[in-house]
Amino acid sequence: MFSPNDLEAYWMPFTANRAFKSSPRMLVAAKDMHYTSADGRQILDGTSGLWCCNAGHGRAKITEAIQRQAAEMDYAPPFQVGHPAAFELANRLTDIMAGDLNHVFFTNSGSEAVDTALKIALAYHKACGNGGRVKFIGRDKGYHGVGFGGISVGGLGGNKKQFGNQLPGVDHMPFFYDKATSAFSKGQPVHGADIADDLEAIITLHDASTVAAVIVEPVVGSAGVFVPPKGYLERLRAICDKHGVLLIFDEVITGFGRLGTAFGVDKFKVVPDLVTTAKGLNSGTVPMGAVFARDGIYRAIVDGAPEGAIELFHGYTYSAHPLACAAALAAQAVYKEEDLFARAGALETYWQGAAHALKEAQHVVDIRNIGLVAGIELAPRAGKPAARAFDVFLKAFEKGLLIRTTGDTIALSPPLIISKTEIDQIFSTLLDILKETA
């Protein structure tokens, strides 16, 4: 018989299910910077939920927009018909995107956005008469969601090992970060841009005429917060241009203010050919993702098809879902009215100082930061990788702070509405926990 308190039926993602269900951590409400736990405690959100609630929680403008839309029109099919909010949102988004990334394809998640971008890259080359360009190049430690395309171009072994064959014709660049030269860098490291030159060798190895696209995160998020060296992304852009290869930025995490700018495109002043987004798009309220494409890509695919024909055989039942669009329009309005992207930029120096104040704390071996993101790497316990950081996660939850851990790194990415007092609370709590952690 069904029991509302039975935890067994729900198979939780990226979770040690048996351990969690023996000692669950339940969240039952959220407002602004805090969650409320099942036992009534306030939990300071140091992770924007999962890198996504950039405007904070329970924002009235967003909630009311979802409610209105649900009452007016709950769903509209996205194939061969449209609804006004989808077009309005696409225009709002291209208004804040740099360069000629003027076209938006809506998805339902970052994983779907990545697979969509890969398919658009293939379709573009075929439309241009280069159907032999079918190979992709990712990067070691890259995370691009959990679709088969995303795990194939991604560089996290743990996300691949259970699932056998993936996309063929995929290679990976080496990781750019060298702790020996870049540990405790504040913002972009000085050393490492030359590692981008390995892309030249990989493209040459495969024959440039077979390579469709290179995909990277401007800032590595899920693998532990790694910031690209100065000049690194610029070199990738130049190498891709030289060989006619598309450059894809995965901005699922870095988009919508996380770096103190609208996108990583703005922060690093490098314009790719495709950009994947999700998470902060509507502040995590309704599942949604989007792919931005440059004019030339859109025109080649759309204008290259016969009149009246479907130009791209791709899409989702819930592409541009009315509730997701309503939430995104409201979230974008909140971002603009409260100038949250600039606010995050203004807090970057304070955030950086608070993070690096942990440099001498017990177990800390590296600190990395940019915008309102920080990674605090801990020395692993002998024979027990990730155990020390996860213990810190559990203790933090007990003390009223939500953090995220990936391996032995504590990853922090709070809502953009955070105050300096709350920044101090995050890092003072972590300092206390590290002092008592074995």
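**Rings, helices and sheets**

Modeller: The model has 10 aromatic pairs, where rings of Phe, Tyr and Trp (its six-membered ring) pair if their centres lie within 6.5 Å, and planes under 30 degrees apart count as stacked, over 60 as edge-to-face and the rest as tilted. One of these pairs joins Tyr 75 and Tyr 318 edge-to-face, with 6.1 Å between the centres and 75 degrees between the planes. Tyr 75 sits in the loop between α3 and α4 (84-96), and Tyr 318 in the loop between α11 (295-303) and α12, so the pair ties together parts 243 residues apart in sequence. Helices (H or I, at least four residues) and strands (E, at least two) are DSSP runs, numbered from the N terminus.

This is a predicted model, in which local features need pLDDT of at least 70 and side-chain atom pairs count only at pLDDT 80 or more, while totals for chains, interfaces and linings use all residues. Residues are numbered from 1 along each chain as its sequence is written, and side-chain values use heavy atoms, with hydrogens and water left out.

Next come α3 and α12. The axes of α3 (residues 60-72) and α12 (residues 322-337) come within 8 Å and cross at roughly 155 degrees; axes are lines fitted to C-alpha atoms, for helices over the stretch in contact, and angles run from 0 to 180 degrees between N-to-C directions. The two helices are therefore roughly antiparallel (under 35 degrees counts as roughly parallel, over 145 as roughly antiparallel, 65 to 115 as roughly perpendicular and the rest as oblique).

Another open sheet of four strands runs β11-β12-β15-β14, with antiparallel pairing. At its edges are β11 (364-370) and β14 (404-406), each pairing on one side only, and the twist from one strand to the next averages 20 degrees. Between β11 and β12 (residues 373-378) there are six bridges, and Ile 367 has Ile 376 of β12 as its bridge partner. Helix α13 (residues 340-356) packs on this sheet and touches β11, β12 and β15 (409-412), its direction making about 175 degrees with that of β11. Helix α15 (residues 420-435) lies across β11, β12 and β15, at about 165 degrees to β15.

These two helices also meet each other: the axes of α13 and α15 come within 10 Å and cross at roughly 20 degrees. They are therefore roughly parallel. Their contact includes Leu 347, Tyr 350 and Trp 351 of α13 with Ile 423, Ile 426 and Phe 427 of α15. By class it has eight nonpolar, no polar and two charged residues.

Technical notes:
Pairing = 2+ DSSP bridges. Contact = heavy atoms within 4.5 Å. Nonpolar A, V, L, I, M, F, W, Y, C, P; charged D, E, K, R; others polar.
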